[in-house]
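Thanks for coming. I will go through one structure today, starting with a charged patch and then moving to the salt bridges.

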Amino acid sequence: MTSTKRIALVTGASRGIGRYLAEHLLGKGYTVVGASRRSAEWEADGYHDFPTDVSDEKSVVDLMKKLRKLDGPLEVSVTNAGVASMNAALLTPASSVRQIMDTNLLGTFVISRESAKLMRRNSYGRIVTMSSVAVPLRLEGQAAYVASKSAVESLTQVLAREFFSYGITVNALSLPPIDIGLTQGVPKEKLLKLK
Amino acid sequence: MVNKEYLLKLMMSVLEEALEDQGSSIEGVTTQSPLIGPDALTTSLAFVSIIADIEMSLEDQEVEVTLVSEEALSRSQSPFRTLDALSDYVLELISASVSEPTATKSTDS
């Protein structure tokens with residue numbers, strides 16, 4: 001009898017929260033596929049690094065093609081890749097808003113959709129999207145980020161209903177600020193208030 | 001090679017699986033049987049799975065097409081109405097994707 005390992009996909013796994021999530025899932029016995037724009041600066045047994053731009057649909061489809069060639073079913077997908085920009089709304093260019101929406105919202109949508117296509121085949125899957133405590137706090141200076149994460153929460157709720165009949169659950173994880181690259185632009189006093 | 005015969009065989013196999021999942025049989029089903037509308041063979045949920053499975057099966061053959069688009073949905077005659085119509089539509093998409101780079105090339109030169 002051959003043993004196939006279960007696969008977990010983590011976007012934004014090259015560093016920060018994504019890396020820790022990937023390492024956690026490796027510890028749980030998963031084969032982990034990491035997908036970030038940049039190559040991961042770390043390696044581990046069972047970890048596959050497939051550089052991907054989650055805001056580019058074709059890049060995600062290519063990622064899934066590579067993932068399908070691995071031995072085992074995709075059971076977990078964590079749409080962790082995200083970007084933020086600390087700036088007053090009055091000074092935020094539309095290009096920044098678009099970039100944030102493309103990565104945080106569009107990226108979450110496309111990764112979830114493509115993951116569900118694979119998970120559907122085994123009638124089992126767990127998709128975890130990433131929201132933020134900045135959403136309920138309506139954090140000033142993070143208008144685009146908060147809007148994108150609010151959209152991710154709504155998206156998660158709709159996907160949960162659509163994918164339920166395929167045996168796939170979709171849940172959002174709302175995290176407090178964690179000392180990683182994404183919070184570098186947030187003043188320390190604001191971070192303390194959020195904790 | 002992806003031609004109409006190949007596509008119909010692939011689609012019929014995907015449809016058979018979807019029908020089995022909903023407790024129905026492929027018996028009596030033809031390439032002209034309705035996929036959508038009040039007399040549709042499958043539930044709307046199964047129809048979504050069928051389209052996704054066809055896309056993935058084509059991907060396995062290195063054929064990348066997106067079947068559902070605004071353009072497809074706005075056609076007066078839906079390309080999703082039967083397997084026969086759907087296979088014609090897929091061939092149309094493949095043909096368009098093959099001719100696109102050539103057209104760009106000739107414009108550049």
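Where is the place of B:Glu16 in chain B? B:Glu16 sits in helix α1, residues 4-21; helices (H or I, at least four residues) and strands (E, at least two) are DSSP runs, numbered from the N terminus.

Before going on, the conventions. This is a predicted model, in which local features need pLDDT of at least 70 and side-chain atom pairs count only at pLDDT 80 or more, while totals for chains, interfaces and linings use all residues. Residues are numbered from 1 along each chain as its sequence is written, chains are lettered from A in the order in which they are written, and side-chain values use heavy atoms, with hydrogens and water left out.

Back to B:Glu16. B:Glu16 is partly exposed, at a relative accessible area of 34%; buried means under 20%, exposed over 50%, and partly exposed in between, with a 1.4 Å probe and protein chains only. Together with B:Glu17, B:Glu20 and B:Asp21, B:Glu16 forms a negative surface patch. Patch residues have over 30% relative accessible area and no salt bridge, with like charges joined within 9 Å and nonpolar side chains (Val, Leu, Ile, Met, Phe, Trp, Tyr) within 5 Å.

Now the salt bridges, meaning a side-chain nitrogen of Lys or Arg within 4 Å of a carboxyl oxygen of Asp or Glu. Over all chains there are 15. A:Lys65 pairs with B:Glu64, with the closest N and O atoms 2.3 Å apart. That pair crosses between chains, from helix α2 (residues 57-68) of chain A to the loop between α2 (44-60) and α3 (70-73) of chain B. A:Lys65 is buried at 16%, whereas B:Glu64 is partly exposed at 38%.

B:Glu59 and A:Arg68 form another salt bridge, at 3.1 Å, which also crosses between chains, from helix α2 of chain B to helix α2 of chain A. Here B:Glu59 is buried at 12%, and A:Arg68 is partly exposed at 23%.

Within chain A, A:Lys117 bridges to A:Glu114, again with N and O 3.1 Å apart. Why are these two about one helical turn apart? Because they are 3 residues apart in helix α3, residues 94-119. Shared partners join A:Glu57, A:Arg113, A:Glu114, A:Lys117 and B:Glu55 into one salt-bridge network.

Last, chain A overall. Chain A has 6 helices and 6 strands, and 44% of its 195 residues count as buried. One of its strands is β4, residues 74-79, which contains A:Thr79, buried at 2%.

Note on methods:
Areas by Shrake-Rupley, 256 points an atom, 1.4 Å probe, with all protein chains shown as cover. Lys, Arg positive; Asp, Glu negative; His and termini not counted. Charge placed at Lys NZ, Arg CZ, Asp CG, Glu CD.
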